[in-house]
Structure formats: C-alpha cells, structure tokens
Amino acid sequence: MGFYLKFNGWAGDDVNGATARLAKMFGMDSGEANQAMRKIIAGQNWQFQRPISQEQAKTARSYLRWLGFDLEL
C-alpha cells in the first residue's frame, strides 16, 4: 500500500535550506521546490504526487518534521 505525504505548513528559520532539502528529497528542480514552499508557507496544502512505501513515509515524516514541516500521511 502506498502512502502520500501531505504538507500543511512550515515553521522554521532557513527557508532556502528547507527548500533545497525538499527539492533533493523529492527529485524536484529549484523552481518546483520554490513553488511548493510558497504554497506550504502560505498555509495551502501541498501533496507529493507519487505514493511511497510505509517505511519511506515514516522516515520522511520524521526528517521533514525535524526541518519544520507540518505534514500528515
């Protein structure tokens, strides 16, 4: 069964660093990552479109929360 990561917000100090890590993690170019971050920061939901495994979801969720993202599976 695949899981989707849904981002609800972000609270952190390093927007550029978080954007770069988001791009690297999801294989996005910088433009896509910037657009996603703008939505997330504005309080709009953003969801990674491809499903990931439960193991990947748990690891990603922990890491992304550490970066300041509010998200759900």
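Biologist: Which residue of strand 2 does Phe 7 stand opposite?
Modeller: Phe 7 faces Trp 46 there. The model is a predicted one, in which local features need pLDDT of at least 70 and side-chain atom pairs pLDDT 80 or more, while totals for chains, interfaces and linings use all residues. Numbering starts from 1 along each chain as its sequence is written, and side-chain values use heavy atoms, without hydrogens or water.

Biologist: And the bridge partner of Lys 6 in strand 2?
Modeller: Lys 6 is partnered by Gln 47. Strand 1 (residues 6-10) and strand 2 run antiparallel and are joined by 2 bridges. Strands are DSSP runs of E with at least two residues, and helices are runs of H or I with at least four, numbered from the N terminus.

Biologist: What does Phe 7 stand opposite in strand 3?
Modeller: In strand 3, Leu 71 stands opposite Phe 7. Strand 1 is joined to strand 3 by 4 bridges, and these two strands also run antiparallel.

Biologist: In what order do the strands form the sheet?
Modeller: The order is 2-1-3, in an open sheet of 3 strands with antiparallel pairing; strands pair if DSSP finds at least two bridges between them.

Biologist: Which strands stand at the edges?
Modeller: Strand 2 (46-47) and strand 3 (69-72) do; each has a single partner strand, so one side of each lacks a neighbour in the sheet.

Biologist: Changing topic, how many aromatic pairs are there in the whole structure?
Modeller: The search finds 7, counting rings of Phe, Tyr and Trp (its six-membered ring) with centres within 6.5 Å; planes under 30 degrees apart are stacked, over 60 edge-to-face, and the rest tilted. Phe 7 and Phe 26 form an edge-to-face pair, because their ring planes stand at 80°, with centres 6.1 Å apart.

Biologist: Which parts does that pair tie together?
Modeller: Phe 7 belongs to strand 1 and Phe 26 to helix 1, so the pair links parts 19 residues apart in sequence.

Biologist: Which strands does helix 1 lie across?
Modeller: Helix 1 lies across strand 1 and strand 3, at about 170° to strand 1. Helix 3 (residues 54-66) lies across strand 1 and strand 3 as well, at about 155° to strand 3. Angles run from 0 to 180 degrees between N-to-C directions of axes fitted to C-alpha atoms, for helices over the stretch in contact.

Biologist: How do helix 1 and helix 3 lie to each other?
Modeller: Their axes come within 11 Å and cross at roughly 170°. They are therefore roughly antiparallel. Angles over 145 degrees count that way, those under 35 as roughly parallel, 65 to 115 as roughly perpendicular, and the rest as oblique.

Biologist: And which residues make the contact?
Modeller: Arg 21, Leu 22, Met 25 and Phe 26 of helix 1 meet Ala 60, Tyr 63 and Leu 64 of helix 3, contact being heavy atoms within 4.5 Å.

Biologist: At what angle do helix 1 and helix 2 cross?
Modeller: Helix 1 (residues 15-26) and helix 2 (residues 30-41) cross at roughly 120°, with axes that come within 9 Å. These two helices are therefore oblique to each other. Among the residues that meet are Leu 22 in helix 1 and Met 37 in helix 2.
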